[in-house]
Amino acid sequence: MGAVMGGGVGLTIGFIFGSWSIIRGGAGPRGALSTLSQYMLSSAATFSFFLAIGSTLVLTQLAKVIRSDAIPAQFQAAQLQLASPVYAVHSRAEGLQVMKARWEAERRRLASNKE
């Protein structure tokens, strides 16, 4: 799938840059069609190669993540540390109160860490 997408992107990019090169510097001794096709095919081959490898690597890593049942311990710790209680805020004033309470709790936590 990555190779097909890369081929399409490469053909498009090759057409754009090849056309620009022909307009800017002329077609050269081989002619416009040959120059443009060389740009398009080389760009398509390069893009499809790298996207095929990239999509294979991504799918391999994704399969590993899907197969694993548990989250690694360091990720669980980070998730718990970053998780904060969810407040249902119904108005701007209530949201402001929640935000001020969080700032105050953070100030107290930082002050206790400095001591």
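The protein has 4 helices and 0 strands. Helices (H or I, at least four residues) and strands (E, at least two) are DSSP runs, numbered from the N terminus. From that end, the order of elements is α-α-α-α.

This is a predicted model: local features need pLDDT of at least 70, side-chain atom pairs count only at pLDDT 80 or more, and totals for chains, interfaces and linings use all residues. Residues are numbered from 1 along each chain as its sequence is written, and side-chain values use heavy atoms, with hydrogens and water left out.

Of the 115 residues, 12% are buried, meaning under 20% relative accessible area with a 1.4 Å probe, protein chains only. The accessible surface is about 9,500 Å², by the Shrake-Rupley method with a 1.4 Å probe. Carbon and sulfur atoms hold 68% of that surface.

Helix H1 covers residues 2–25. Its 24 residues should span 34 Å at 1.5 Å a residue, so the 33 Å between its end C-alpha atoms agrees. That expected span is 1.5 Å times one less than the number of residues. The buried residues of H1 are Gly2, Gly6, Gly7, Gly10, Gly14, Gly18 and Ile22. Just after H1, Gly26 has a positive phi of about 90 degrees.

UniProt, in an unreviewed entry, lists residues 7–27 and 39–59 as "transmembrane region". Such annotations may be inferred rather than shown by experiment. The model gives these values for the two spans:

Methods: Buried < 20%, exposed > 50% of the residue type's maximum accessible area, 1.4 Å probe, protein only.
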